[in-house]
Amino acid sequence: LVFDIVSDTKPEEVNKGLESVARYLNLNAQAGHKPSDVKLALVLHGNSTKAAMHDAAFARHTSAAKNPSTELIRELKRRGVELFVCGQSLARNKFPVADVAPEFTVAASALTVNANRQQDGYSYVAIH
């Protein structure tokens with residue numbers, strides 16, 4: 001699956017789209033599947049872009065002291081989820097690439113991630 005995440009949350013809350021990906025992994029675990037049994041990717045863009053920021057950058061761009069999604073991002077990465085952030089959304093929001101957490105790959109665009117993963121056989125899941 002490729003999760004297309006644009007949902008925004010309050011600065012002090014974990015991004016709801018990232019929580020949806022974690023729930024999917026948990027459902028698979030309850031069914032007896034290992035994280036390696038499924039191939040997952042996600043791309044943050046639009047209003048969700050700031051969730052890809054490392055803690056210091058998140059604090060600069062919001063009213064929060066740190067990124068509340070950081071631990072979940074690290075756990076998703078540990079479980080093999082590919083993490084992308086849209087380069088076009090970074091540019092539109094004037095977020096420097098240096099502000100992106102190291103767990104993420106900066107993609108040319110969310111559109112390219114979605115198209116490429118679908119060509120690789122991934123199903124598309126929109127989280128808006």
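The model is predicted, so local features need pLDDT of at least 70 and side-chain atom pairs count only at pLDDT 80 or more, while totals for chains, interfaces and linings use all residues. Residues are numbered from 1 along each chain as its sequence is written, and side-chain values use heavy atoms, with hydrogens and water left out. Helices (H or I, at least four residues) and strands (E, at least two) are DSSP runs, numbered from the N terminus.

**Nonpolar cores**

- A nonpolar core is a set of buried Ala, Val, Leu, Ile, Met, Phe, Trp, Tyr and Cys residues joined through side-chain atoms within 4.5 Å.
- Buried means under 20% relative accessible area, exposed over 50%, and partly exposed in between (1.4 Å probe, protein chains only).
- The largest nonpolar core has 28 residues. Leu 18, Leu 42, Leu 44, Leu 76 and Phe 104 touch the most other members.
- S1, helix H1 (16–30), S2, H2, helix H3 (70–78) and S3 each give two or more residues to this core.
- H1 gives the most, with 4 residues.
- Another core, of 9 residues, lies apart from it; Val 2, Ala 107, Val 113 and Tyr 122 are among its members.
- In soluble globular proteins, nonpolar side chains tend to be buried together.

- Contact means heavy atoms within 4.5 Å.
- Leu 42 touches Phe 3, Ile 5, Leu 18, Val 21, Leu 76, Val 81, Glu 82, Leu 83, Phe 84 and Phe 104, leaving aside residues up to four places away in sequence.
- Leu 25 is in helix H1. At 8% relative accessibility, Leu 25 counts as buried.
- Leu 25 and Arg 79 are 54 residues apart along the chain, yet their C-alpha atoms are separated by 8.6 Å.

**Helix H5**

- H5 spans residues 110–119, and its residues Ala 110, Val 113, Asn 114 and Arg 117 are buried.
- These four cover an arc of only 95° around the axis, so they sit on the same side of H5. The arc is that of the directions from the helix axis to the C-beta atoms.
- Exposed Leu 111 and Gln 119 are on the face turned away from the buried side of H5.
- The cover over the buried residues of H5 includes strands S1 (2–5), S2 (41–44), S3 (82–86), S4 (105–107) and S5 (124–127).

**Salt bridges**

- The structure holds 9 salt bridges. Each is a side-chain nitrogen of Lys or Arg within 4 Å of a carboxyl oxygen of Asp or Glu.
- Arg 60 pairs with Asp 99, with the closest N and O atoms 2.5 Å apart. Arg 60 lies in helix H2 (residues 55–61) and Asp 99 in the loop between helix H4 (87–92) and S4, so the pair ties together parts that are 39 residues apart in sequence.
- Arg 60 is exposed at 55% relative accessibility, whereas Asp 99 is buried at 5%.
- Arg 117 bridges to Asp 120, with the closest N and O atoms 3.5 Å apart. Arg 117 is buried at 15%, and Asp 120 is exposed at 54%.
- Lys 16 and Glu 13 meet at 3.6 Å, N to O. Lys 16 is partly exposed at 40%, and Glu 13 is partly exposed at 29%.
- Glu 71, Arg 74 and Glu 103 are linked in a salt-bridge network.
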